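Student: I would like to go through this structure one question at a time. Please show it first.

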Amino acid sequence: MAPTHVLRCCQRGLAWIPVIFIALVVCWSYYAYVVELCIFTILSIGEKVVYLVVFHLSFIMFVWSYCKTIFTKPANPSKEFCLAKSEKEQYEKEERPEAQQEILKRAASSLPLYTRTGAGAIRYCDRCQVIKPDRCHHCSACDMCVLKMDHHCPWVNNCVGFSNYKYFILFLAYSLVYCLFIAATVLQYFIKFWTNDLPDSQAKFHVLFLFFVAAMFCISILSLFTYHLWLVGKNRSTIEAFRAPVFRNGPDKNGFSLGFSKNIAQVFGDQKKYWLLPVFTSQGDGLTFPTRLVNADPEQPAAVLHPELNKSDEDGAVQPSALSESQNRLLDNDHHSNDDQLTDALKFEESETITISVENES
Ligand SMILES: [Zn+2]
Ligand SMILES: [Zn+2]
């Protein structure tokens, strides 16, 4: 085997260490809670049953969402975003960046693209040889372009992006519930430990550590979880929170925001009964995303315009001349059922700037 191949195999193996660490902690917490606490320490049958039922519910949901986050493959750009063979050859032969950009521009003319590089160029990944769809980024750890990439998470040894972002949020939520439940129910036995009311056995040390570990994880997960909830509400990825996506008219951190409830629906879907289950209900295909640009992108042939949006609202204020929700196929179906929300969004002040921010809370 070539040394680089061996090195890559080692790297891949080492990348599983954080996941194995979490798995071991979870296995120990299961043993400590079920066997040492519920079976050996708690005397009341009623308390045992209630604790075990709730514990197992949160445990199952936690493990389910964790596994889905780990084992869901990141989604990659589809074939349409690859250059044709002749274009690729031309691109590789060409040394002048301007000429390369012309080739990319031609290839991208039929693609639904709104974002550009900071310099206004078509975003292209030389490594994957693909035109990057909006919100797609190259992950050096996975060595691939990932749709709506959020970040590469070592704790799940996977890229968090379009295909598993909902699972990741649920993983954070259920791990928080799991740790909170353990900390809350262990607290009284933790106090008994310090007042020497627990029988002298190894169980008391498991109880002590259970409380410490659960409380420690609670604190660290809580901040991450609230941050991601905030991101979902704003329809931003972690990458976009640090660097605003650049549209034809310049960077706009709210470029993909559609208002609070629509932003939530983008990740969790519009059927509330599936929101808490780690099953895929995110909207769209990960390649195109609805945007709210005041002026329709003139170079976007497929842009879906909404003639009804040119009308004045009931206050008589003239609305933006053309409001594009991008060419997302999904929104075609979506905008009819969400007309009310769309009208609400239009009631927000029209600014002189290039884009309207349609955050409900702003
Ligand atoms: Zn790439
Ligand atoms: Zn990655």
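Student: How many helices and strands does the chain have?
Tutor: This is a predicted model, in which local features need pLDDT of at least 70, side-chain atom pairs count only at pLDDT 80 or more, and totals for chains, interfaces and linings use all residues. Residues are numbered from 1 along each chain as its sequence is written, while chains are lettered from A and ligands numbered from 1 in the order in which they are written. Helices (H or I, at least four residues) and strands (E, at least two) are DSSP runs, numbered from the N terminus. The secondary structure of the chain comes to eleven helices and nine strands.

Student: What percentage of the 362 residues count as buried?
Tutor: A residue is buried if 20 or more other C-beta atoms, placed from the backbone, lie within 10 Å of its own, exposed if 12 or fewer, and partly exposed in between. For the 362 residues of the chain, the buried share is 34%.

Student: Which residues does the "transmembrane region" annotation cover?
Tutor: The annotation comes from an unreviewed UniProt entry. UniProt positions are given in the numbering used here, feature names are shortened, and annotations may be inferred rather than shown by experiment. In the model, residues 203–227 are 100% helix, with end C-alpha atoms 36 Å apart. According to the entry, the annotation covers residues 14–43, 49–67, 167–191 and 203–227.

Student: How are helices α2 and α3 oriented, roughly parallel or roughly antiparallel?
Tutor: Axes are lines fitted to C-alpha atoms, for helices over the stretch in contact, and angles run from 0 to 180 degrees between N-to-C directions. Angles under 35 degrees count as roughly parallel, over 145 as roughly antiparallel, 65 to 115 as roughly perpendicular and the rest as oblique. Helix α2 (residues 17–41) and helix α3 (residues 45–71) have axes 11 Å apart, at an angle of about 170°. The pair is therefore roughly antiparallel.

Student: Is Asp143 buried or exposed?
Tutor: Asp143 lies in the loop between β4 (137–139) and β5 (144–146). Its phi is positive, about 55°, although Asp143 is not a glycine. Since 10 other C-beta atoms lie within 10 Å, Asp143 is exposed.

Student: Where is Gln129?
Tutor: Gln129 also has a positive phi, near 55°, and is a residue other than glycine. With 14 C-beta neighbours inside 10 Å, Gln129 is partly exposed. Its place is in the loop between β2 (124–125) and β3 (130–131).
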